[in-house]
Amino acid sequence: MAQNQEQIHNPNLNNGNPAARGAPEYFQHLFLNGNFVAHEDEGMMEAAAETQHNNNAHNDPHCWIFGYGSLCWYPGFEYSKCITGYIKGYVRRFWQGNTTHRGTDEKPGRVATLIEDKEGITWGCAYKITGSKALDYLKQRECTLGGYIVLETKFFPRVASYDTPFSGEAVPVLVYVATPDNCHWLGEDTHENIAENIVECSGSNGHNVEYLLRLANFIREEMPEVVDTHLFELEFLVLEKLHQRQIPLWSVMGMPPERIRRDSHEDIKRPPTFEFTSRIPERKLRCLNI
């Protein structure tokens, strides 16, 4: 797995650039003029032009935020659309520490971040937000408290929609990523040790176990064909440890969050899949003399 951290870390975020605690600088005027400013990548420039066209038509300056951790099941901000899909070039790993929401200074919890992998795909969901209120909230939640920085990448909707700028092709999104440069970084470890860490930690927003299990449940419910080995291995080990210690599941899960209507922008007819038919027990026909 390629993990070039220098490429993950956005060079534009150095040298006191104010974008270090908010959006990359080519997003900084997004809610002043309702448009993505020019970007050196030709494809992104086309995206900007398309976004400008849509914004002018609807007077609705907006951007998309990609969630791959707790944002998948608890966004905490207002949004107008939620679409499932994926980004390329990254994998999800529980390598970031957390001392506010799912842990403490004495016992930091483990939460998800993205690690660069040129063959990687990370599934999650993108939220369409309007105005700066949601970005201000995320700046506090993810950057100030969480230690994340903001990058920009392309999001590929799972279901093509007339309501996304590129009809299912690729949508420019903001994504919050932790790097080894932040003070909460815990880094790579064995699945066994990470699971042990998760079982032992809790914070102001609840138990670290809840964070992991609700994320795994999101993937399983929304994208049953997706296999996230790292996530599901941790889920198995954590549930096993809870059972061994006779810790009831209800005691670590908290109140269920409000259900999110994802991909609800249109009537979706998902194609039938026979992926799991091999799990159906065989039945033998019996011949009857009638």
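Select Cys72 to begin. Leaving aside residues up to four places away in sequence, Cys72 touches Gly67, Gly124, Cys125, Tyr127, Leu215, Phe218, Ile260 and Arg262. Keep in mind that this is a predicted model.

**Stop 1: around Cys72**

Stay on Cys72. This residue sits in the loop between E1 and E2. Is Cys72 buried or exposed? Cys72 has a relative accessible area of 0%, so it is buried. Cys72 and Ala126 lie 54 residues apart in sequence, and their C-alpha atoms are 8.5 Å apart in space.

**Stop 2: the whole chain**

Zoom out and colour by secondary structure. The chain has eight helices and seven strands. How much of the chain do buried residues make up? Of the 290 residues, 50% are buried. Contacts across the sequence come next. Take the contacts with a separation of 6 or more: residues 24 or more positions apart account for 76% of them.

**Stop 3: strand E1**

Select His62. This residue is in strand E1, which covers residues 62-67. His62 counts as buried because its relative accessibility is 7%. His62 and Thr130 are 68 residues apart along the chain, yet 4.4 Å separates their C-alpha atoms.

**Stop 4: aromatic rings**

Show the side chains of Phe, Tyr and Trp. How many aromatic pairs does the structure hold? There are 11 aromatic pairs. Pick Phe66 and Tyr68. They form a stacked pair, with 6.3 Å centre to centre and 25 degrees between the planes. Phe66 and Tyr68 are both buried.

Move to Phe77 and Tyr79. Their aromatic pair is edge-to-face, at 6.3 Å centre to centre and 75 degrees between the planes. Phe77 counts as buried because its relative accessibility is 9%. Tyr79 is at 30%, so it counts as partly exposed. Together with Phe77 and Tyr79 they form one aromatic cluster.

**Stop 5: helices H6 and H7**

Select residues 208-222 for H6 and 229-244 for H7. Their axes come within 10 Å and cross at roughly 130 degrees. H6 is therefore oblique to H7. The crossing of H6 and H7 is left-handed.

Which residues of H6 and H7 meet? On the H6 side they are Val209, Leu212, Leu213, Leu215, Ala216, Ile219 and Arg220. On the H7 side they are Leu231, Phe232, Leu234, Glu235, Val238, Leu239 and Leu242. By class, the contact of H6 with H7 has 12 nonpolar, no polar and two charged residues.

**Stop 6: helices H5 and H7**

Show the side chains where the two helices meet. H5 brings His191, Glu192, Ile194, Ala195, Glu196, Ile198 and Val199. H7 brings His230, Glu233, Leu234, Leu237, Val238, Lys241 and Leu242. By class, the contact of H5 with H7 has eight nonpolar, two polar and four charged residues.

Stay on H5 and pick out its buried residues. They are Ile194, Ala195, Asn197, Ile198 and Val199. Against which elements do the buried residues of H5 pack? They pack against strands E2 (81-98), E3 (109-130) and E7 (206-207), and against H6 and H7.

**Stop 7: past the end of H7**

Select Gln246. This residue lies in the loop between H7 and helix H8 (250-253). Gln246 counts as exposed because its relative accessibility is 72%. Now check the backbone. Phi of Gln246 is near 55 degrees, a positive value in a residue other than glycine. Most residues other than glycine have a negative phi.

**Stop 8: after H8**

Finish on Arg259, in the segment after H8. Is Arg259 buried or exposed? Its relative accessibility is 67%, so Arg259 counts as exposed. Arg259 and Tyr74 are 185 residues apart in sequence and 9.0 Å apart in space, C-alpha to C-alpha.

Methods: Residues are numbered from 1 along each chain as its sequence is written. This is a predicted model: local features need pLDDT of at least 70, side-chain atom pairs count only at pLDDT 80 or more; totals for chains, interfaces and linings use all residues. Side-chain values use heavy atoms; hydrogens and water are left out. Axes are lines fitted to C-alpha atoms, for helices over the stretch in contact, and angles run from 0 to 180 degrees between N-to-C directions. Helices (H or I, at least four residues) and strands (E, at least two) are DSSP runs, numbered from the N terminus. Angles under 35 degrees count as roughly parallel, over 145 as roughly antiparallel, 65 to 115 as roughly perpendicular and the rest as oblique. A crossing is left-handed if the near helix is turned anticlockwise from the far one by less than a right angle, and right-handed if clockwise. Contact means heavy atoms within 4.5 Å. Ala, Val, Leu, Ile, Met, Phe, Trp, Tyr, Cys and Pro count as nonpolar, Asp, Glu, Lys and Arg as charged, and the others, Gly among them, as polar. Rings of Phe, Tyr and Trp (its six-membered ring) pair if their centres lie within 6.5 Å; planes under 30 degrees apart count as stacked, over 60 as edge-to-face and the rest as tilted. Buried means under 20% relative accessible area, exposed over 50%, partly exposed in between (1.4 Å probe, protein chains only).
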